[in-house]
Amino acid sequence: MDMDALKRQAAARALEEVRDGMKLGLGTGSTAKHFVELLGDKVRAGMKVIGVPTSEATRADAIRCGVPLTTLDEIDHLDLTIDGADEIDPALNLIKGGGGALLREKIVAAASDRMIVIADDSKWVDVLGRFPLPVEVIPFGLAATQAAMARAFTDAGVSGQMVIRKGKDGHAFVTDGGHWIIDAHLGRIGDPPRLAGLLSVIPGVVEHGLFIGLGSVAVLAGAQGIRVVERR
Ligand SMILES: O=C[C@H](O)[C@H](O)[C@H](O)COP(=O)(O)O
């Protein structure tokens, strides 16, 4: 079975957790896009839900699929967020932000009672860090921010190259919030909560792609079927 079919299976399994009347966080990326499409089918069949998109891309998908939308200005609390991930470890710590949506994704996940992470099982890892860690930064003072990030990496016992993400046009990739992304190639992150804490206090860092304690359940689709892992 191809990867895309697995992503859709994970999305379909997560959809079983959605109940009439729920306020939903709608994730970003190729897996979350399947969820939005399947949710659109349910809405057309009469299900009443409302969603908060985590990116402009997801907003456009949700509108196309007929999913009613609101914002976290109009409501301050969500029942459930369904989103993809770039890596998931056994504690359900995540790396997110491969698509550059990590800031809104984290705000939405943090405003939700529960977050279901949907993925094909290639995203499941023993230790986070093979996928470069996205860190959203303010362009102002970039060298100073990178120096502070390097010190945080040393304190957390990791090291690796920092690469400013480029867009298709060859210029710096700009997030929905108008910021840049530094992809940190760290290899292995032995203590994700510690690194998350160290990065969070750097002034030029807007947000980082380590999601600690936010994922409630992971739905992983693989060749052998679907595995549902709950955070302990
Ligand atoms: O910024 C993007 C998000 O964090 C995505 O949820 C993540 O990159 C996974 O995307 P995909 O489902 O396309 O692998």
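A crossing of two helices is right-handed if the near helix is turned clockwise from the far one by less than a right angle, and left-handed if the turn is anticlockwise. The legends below apply this term to a predicted model.

**Figure 1. Crossing of helices α1 and α2.** Helix α1 passes α2 in a right-handed crossing. Lys7, Arg8, Ala10, Ala11, Ala12, Ala14 and Leu15 form the α1 side of the contact, and Ser30, Thr31, His34, Phe35, Leu38, Leu39 and Lys42 form the α2 side. By class, this contact of α1 with α2 has eight nonpolar, three polar and three charged residues. The axes of α1, which spans residues 3-15, and α2 come within 8 Å and cross at roughly 50 degrees. That angle makes α1 oblique to α2, because angles under 35 degrees count as roughly parallel and those from 65 to 115 as roughly perpendicular.

**Figure 2. Packing of helix α2 against helix α3.** Helix α3 comprises residues 56-65, and the axes of α2 and α3 come within 9 Å, crossing at roughly 25 degrees. The two helices, α2 and α3, are therefore roughly parallel to each other. Here too the crossing is described by its hand: α2 passes α3 in a right-handed crossing. From α2, the residues Ala32, Lys33, Val36, Glu37, Leu39 and Gly40 meet Thr58, Asp61, Ala62 and Cys65 of α3. Five nonpolar, two polar and three charged residues make up the contact of α2 with α3.

**Figure 3. Surroundings of the ligand.** The ligand is surrounded by 18 residues, of which Gly29, Thr31, Gly84, Gly98 and Gly99 are the closest. Two helices, α2 (30-44) and α4 (102-110), each supply at least two residues of this shell. The largest share, three residues, comes from α2. In the shell around the ligand, four residues are nonpolar, ten are polar and four are charged.

**Figure 4. Contact between domain 1 and domain 2.** The chain is divided into domain 1, made of residues 3-122 and 212-225, and domain 2, made of residues 133-207. A separation of 24 Å lies between the C-alpha centres of domain 1 and domain 2. Domain 1 contributes 13 residues to the contact, and domain 2 contributes 13 residues. On the side of domain 1 that touches domain 2, the largest share, four residues, comes from α4. That side of domain 1 divides into five nonpolar, five polar and three charged residues. Helix α4 also supplies at least two residues of the shell around the ligand.

**Figure 5. Helix pair α5 and α6.** Helix α5 (residues 142-155) packs with helix α6 (residues 192-200) at an angle of about 155 degrees, the axes being 9 Å apart. Helices α5 and α6 are therefore roughly antiparallel to each other, a term that applies to angles over 145 degrees. In this pair, α5 passes α6 in a right-handed crossing. Met149, Ala152 and Asp155 of α5 meet Leu195, Leu198 and Leu199 of α6. The contact of α5 with α6 has five nonpolar residues, no polar residues and one charged residue.

Conventions:
Residues are numbered from 1 along each chain as its sequence is written. This is a predicted model: local features need pLDDT of at least 70, side-chain atom pairs count only at pLDDT 80 or more; totals for chains, interfaces and linings use all residues. A residue is near a molecule or strand if its C-beta atom, placed from the backbone, lies within 6 Å of it. Ala, Val, Leu, Ile, Met, Phe, Trp, Tyr, Cys and Pro count as nonpolar, Asp, Glu, Lys and Arg as charged, and the others, Gly among them, as polar. Axes are lines fitted to C-alpha atoms, for helices over the stretch in contact, and angles run from 0 to 180 degrees between N-to-C directions. Two residues are in contact if their C-beta atoms, placed from the backbone, lie within 7 Å. Domain bounds come from an automatic or database domain assignment.
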